[in-house]
Amino acid sequence: MRIEIYHASKYGNGAMVAEELRKLLDERGNEVSVSHIKDVSPKALSPADLYIFGSPGRIGKPIGGMRRFLSKVNLPAGTRYALFSTEAAPRPDKNGRMPTEEEIAKWQRIQPLMDEALQAKGLEKTAALKVYVTDLKGPLEESWRKKVEQLAGSLAAD
Ligand SMILES: Cc1cc2nc3c(=O)[nH]c(=O)nc-3n(C[C@H](O)[C@H](O)[C@H](O)COP(=O)(O)O)c2cc1C
């Protein structure tokens, strides 16, 4: 299938995820292209069977450029999409206690806000991946390639 990957990487971590995904999906016989959203008009996206949107987190939300991009995306209802986000790895508080999934979800609204923008247009989600960076500007967590492989596997099997 034809797959378009649009990402908004600022420090290069998300760009690495996008490129790895491109390589793996290409190896599985898909026709894949990767673009940074700054090079693309959201109202004139290339035709594809699947769109993958990737964003870094900013204060609990997708980075501003991606929020604006998604609000302008112009694709027919029923179009399939997948997401990935790069997010700061959860850290223990001063007592050494890790936040629970529920606590994290209260302020980390990166993927929920991406879903909200796309589902308001009738797009249909097929998969999503969260990859952590170990510090604010990177690097990616050690197991990032494995995670990307799992996403590629689930998309290729669709
Ligand atoms: C000002 C600032 C705010 C950030 N806020 C968040 C945040 O709220 N949640 C989060 O998970 N990551 C946050 N991050 C870390 C980003 O997730 C990280 O920079 C990004 O994933 C790196 O991806 P990139 O290299 O593709 O830009 C923040 C980073 C910066 C510089």
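Mentor: The largest pocket is lined by 21 residues, and Gly57, Arg58, Thr86, Ala88 and Leu136 lie nearest its centre. The model is predicted, so local features need pLDDT of at least 70 and side-chain atom pairs pLDDT 80 or more, while totals for chains, interfaces and linings use all residues. Residues are numbered from 1 along each chain as its sequence is written, and side-chain values use heavy atoms, without hydrogens and water.

Trainee: What counts as a pocket?
Mentor: On a 1 Å grid over the protein atoms alone, a pocket is an open set of points where a 1.4 Å probe fits, with protein on both sides within 12 Å along at least five of seven lines; lining residues have an atom within 4 Å of a point. Here, about 350 Å³ of space lies in the largest pocket.

Trainee: Which space does the ligand take?
Mentor: A molecule sits in a pocket if more than half of its atoms lie within 2 Å of its grid points. In this model, the ligand takes the space of the largest pocket.

Trainee: Which residues come nearest to the ligand?
Mentor: A residue is near if one of its heavy atoms lies within 4 Å. Of the 18 residues around the ligand, Ser9, Asn13, Gly60, Thr86 and Leu136 come nearest.

Trainee: And how do I read polar contacts?
Mentor: Look for pairs of N or O atoms within 3.5 Å. A polar side-chain atom of Ser9 is 2.5 Å from a ligand oxygen atom, and a polar backbone atom of Tyr11 lies 2.8 Å from an oxygen atom of the ligand.

Definitions and conventions:
Polar contact = N/O pair within 3.5 Å; in protein donor to acceptor, adjacent residues only side chain to side chain. Points joined across faces, edges and corners; volume = space filled by probe spheres on them.
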